[in-house]
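Take a look at the protein below. The report that follows walks through a few of its local features, one at a time.

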Amino acid sequence: MENTFETQEQSLEKLSFDSFKAEVLQDYQWVCISREASLIGRKEVLTGKAKFGIFGDGKEVAQVAMAKFFQPGDFRSGYYRDQTFAFASEIATVEQFFAQLYADPDVNNDPFSAGRQMVSHFATPFVDSNGEWLNLIEQKNVSADIAPTAGQMVRGLGLAFASKTFRNVPELQQFSHLSEKGNEVCFCTIGDASTSEGQFWETINAAGVMQVPLAVFVWDDGYGISVPKKYQTTKGSISEALSGMQKEEYSNGFNIYKVKGWDYAGMCEAFEEGIRLARETHTPALFHVEELTQPQGHSTSGSHERYKSNERLQWERDWDAMKKMREWILANLLASEEELDDIEKEAKDHVRSSKAHAWEAYLQPIKKQVARAVELIQDVASKINEHQHELEVIARELSSIKEPLRRDVMKNIYASLNLIGERDEAYWLKDYYKELQKESDALYNSHLYNQGPKSTLNIKASPVKYNADAPTVNGFEILNHYFDQLFASNPKVVAFGEDLGYIGDVNQGFSGLQAKYGDQRIFDTGIRELTIMGQGIGLAMRGLRPIAEIQYLDYLLYGLQPLSDDVSTLHFRTKGQQSCPIIVRTRGHRLEGIWHSGSPLGVVINALRGMYVCVPRNMTQAAGFYNTLLQGNDPAIVIECLNGYRLKEKLPSNLLEYAVPLGVPEILKEGTDITIVSYGSTLRIIMEVAQRLQKQGISCEVIDVQTLLPFDTGHMILTSLQKTNRIVFVDEDVPGGASAYMFNKVMEEQKGYRWLDVAPRTITAKAHRPSYGSDGDYFSKPNAEEIETVLRAMMAE
């Protein structure tokens, strides 16, 4: 019996060792595959097959170690050197990697971005074709990468914070396809030099305060492009600079680990502990991975030999993590030289084969276009003698392009059509050109917003209703009643921001609601707009419905970067595979002074294409916008009027059902002589002027655009202009801001110039911020007398 137990024990030991050995050799194979992909990828760029390359060579061993602890349900918020992690996690294949390098617009070939992003910008689907959230617990999740340095940090904070929210809010336990009781970790990667960015520091501080399961991996290869880290980081070490944030007993903070990027075993041990604690206790972890190398330099744009000394270059060759892992495997008798040689050869063969398949798949549809275009051009040439030679030359030159682009096809068809003119013989060639234009729009210009059932533009109007005895209340009370009903009915809604929780926001829209619905759903944050946006982004990407508050509109600039670079581009850059239905709530307009009174809508509408921009004139209208937005999957910003919270409004009886459609203006006053277009607080001044002029025989039609993005999708303003033949655009933005945008939409897009009897006008604030006090407000922004003077002048022309 004793011998039997000994035999079983020896068998188990051998099985354990064999499994360990197989796992190590598999990891080494991923290292070799990824290195070869980097080497060949660089060649593909330098030979002209791809535009730009930035690769993860030198980081391979650290990333295979990290991938070992990435579980289904977890999230990654990384950057563009994580190809090895993607391969080892089986999120990406080498063929897909090359498809993205070639900018293949077929989503079946580049499933991460359909050719819309540079290489190594990964993503996994979060929503299906109907906009419904997938079962995120059963898959490994990658939030779509962005290139702006450290931009991934704030989103990573939000993705980790979502786990905390799912764990601590009992009402969310029912959504088991979105979270397994908050056990998910967000893996966030960043280059060492990028830790100098403000996004990194704000995120680290916020994560340390909130205690969320964020695992930050800092890849430290000693440089930020050409600048060594002694110029980047205090003490030349991010882990030492952050040492004061090390978590201690009875404190918050981070678990901080310092590891060597060539030490496979040491990294596995440290990563296992830090990620386990993050998963179990929601203590964030930072892994400072030092002594990494960059064998090919920063990118294909230059050579690192220009700025690294010979000694440094030799050190990088000696301490290449791939070389060190090979030495470690041999020293521990896990494989022979011959076995490793075979693994390396198989890796090279696999990468070359995958590259060839990706290139052929990319070229095949273009070659079909070339063949069809050449056939049609030659057909026309045979029918038009006077241009036969020129057309045959075009066809011959197009067919001779060895590696054509879609633009080559379009340019040559266009040149042919220019020669032919409007002759009937060109019908089929012109038809094919239109077909390719339509196809190209779908490939390159679609999905800025949701296009399916979850498009917010599909939400129909639901008119506001009032009881006969409806009380008249302050504007903020309308919102307070609305948010009370909203939180009672929708467990996915959370709201947060500066002063929003305990005191119920500075204007009392959430007064008393934290006590009613708990401090996990309605809560205060630090003064850190950037990561407030990050929290909202992460919650929204994980299927919740956050209302993230920026206290005043001029503070939006602090949080603008993630909204512009990340939120606004997300649906587009994943071709609809990920959505981020964050609602940013803020307030502005018409307060007296330089700050908190701004109306920088020109900045907003141009920086946030991909979000919707709602500009309600009162709080009832604001509630209607919130209802509309919560039914769709598109991100939006709602800008409430600062001077409207204590103005009186009737309390609606259908606060949760009332919905204001996007892109549909509202006529506040009908008229026949002149059309006045505006939004927000300015409308109250305009209405005062319009009523005054009505008594003097001048009939003004006043239109509230309601939303700037989208803008008047049904051309209601044009219909008004066709009646009045005069139009003026009024707002509080600087000259050339949102007023110029509205002018362009109506005059150019809607072709309103055809209906003008007099020159159109814009009336705006002055170019400077408004001066302080009532007189400063009067002389800095459009006032009633200025507006009336312009309207009288237009009527006199």
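Is Lys751 buried, exposed or partly exposed? Its relative accessibility is 35%. Buried would need a value under 20%, and exposed a value over 50%. Lys751 therefore counts as partly exposed. Keep in mind that this is a predicted model.

Lys751 sits in the loop between helix 23 (738–749) and strand 22. Its phi is near 55 degrees, which is a positive value in a residue other than glycine. Gln706 also has a positive phi, of about 70 degrees, and is not a glycine either. Gln706 belongs to the loop between strand 19 and strand 20. At 5% relative accessibility, Gln706 is buried.

There is a cis peptide bond between Leu709 and Pro710, with omega about 0 degrees. Pro710 is found in the loop between strand 20 (707–709) and helix 22 (716–724).

**Helix 25**

Start with length. Helix 25 covers residues 784–796, which makes 13 residues. At 1.5 Å a residue, the helix should span 18 Å. The C-alpha atoms at its ends are 18 Å apart, so the two values agree.

Which residues of helix 25 are buried? They are Ala784, Ile787, Glu788, Leu791 and Met794. Viewed down the axis of helix 25, these buried residues fall within an arc of 125 degrees, so they line one face of the helix. An α-helix has 3.6 residues a turn, so residues three or four places apart point the same way.

What do the buried residues of helix 25 pack against? Their partners are strand 18 (674–678), helix 21 (682–694), strand 19 (700–704), strand 21 (727–730) and strand 22 (761–763). On the other side of helix 25, Thr789 and Ala796 are exposed.

**A pair of helices**

Two packed helices are described by the angle between their axes and the distance between the axes. Helix 2 (residues 60–67) and helix 8 (residues 264–281) pack at about 35 degrees. Their axes are 9 Å apart. The crossing of helix 2 and helix 8 is right-handed. Helix 2 brings Val61, Ala62, Val64, Ala65 and Met66 to the meeting. Helix 8 brings Tyr264, Met267, Cys268 and Phe271.

**Residues in loops and in a helix**

The table lists the accessibility of some residues.

| Residue | Relative accessible area | Class |
|---|---|---|
| Lys308 | 5% | buried |
| His282 | 5% | buried |
| Leu601 | 0% | buried |
| Asn135 | 30% | partly exposed |

Lys308 lies in the loop between strand 8 (285–290) and helix 9 (310–318). Why does Lys308 count as buried? Its relative accessible area is 5%, and the cut-off for buried is under 20%. The side chains of Lys308 and Glu316 are joined by a polar contact of 2.9 Å. Beyond its neighbours within four places in sequence, Lys308 is in contact with Tyr223, Gln294, Leu313 and Glu316.

His282 is in the loop between helix 8 and strand 8. Neighbours within four places in sequence aside, its contacts include Ser163, Lys164, Arg167 and Gly182. Gln211, Val212, Pro213 and Leu277 are also among the contacts of His282.

Leu601 belongs to helix 19 (residues 601–607). Which residues does Leu601 touch, not counting those up to four places away in sequence? Among them are Leu553, His589, Val613, Val615 and Ile639. Tyr679, Leu708, Asp733 and Ala738 are also touched by Leu601. Gly156 is 445 residues from Leu601 along the chain, and their C-alpha atoms are separated by 28 Å.

Where is Asn135? It is in the loop between helix 4 (94–101) and strand 2 (141–142). The side chain of Asn135 reaches the backbone nitrogen of Ile137 at 3.2 Å. Asn135 and Gly680 are 545 residues apart along the chain, with 41 Å between their C-alpha atoms.

Technical notes: Residues are numbered from 1 along each chain as its sequence is written. This is a predicted model: local features need pLDDT of at least 70, side-chain atom pairs count only at pLDDT 80 or more; totals for chains, interfaces and linings use all residues. Side-chain values use heavy atoms; hydrogens and water are left out. Helices (H or I, at least four residues) and strands (E, at least two) are DSSP runs, numbered from the N terminus. The expected span of a helix is 1.5 Å times one less than its number of residues. Buried means under 20% relative accessible area, exposed over 50%, partly exposed in between (1.4 Å probe, protein chains only). The arc is that of the directions from the helix axis to the C-beta atoms. Contact means heavy atoms within 4.5 Å. Axes are lines fitted to C-alpha atoms, for helices over the stretch in contact, and angles run from 0 to 180 degrees between N-to-C directions. A crossing is left-handed if the near helix is turned anticlockwise from the far one by less than a right angle, and right-handed if clockwise. A polar contact is a pair of N or O atoms within 3.5 Å; within protein, one must be able to donate a hydrogen and the other to accept it, and residues adjacent in sequence count only if both atoms are side-chain atoms.
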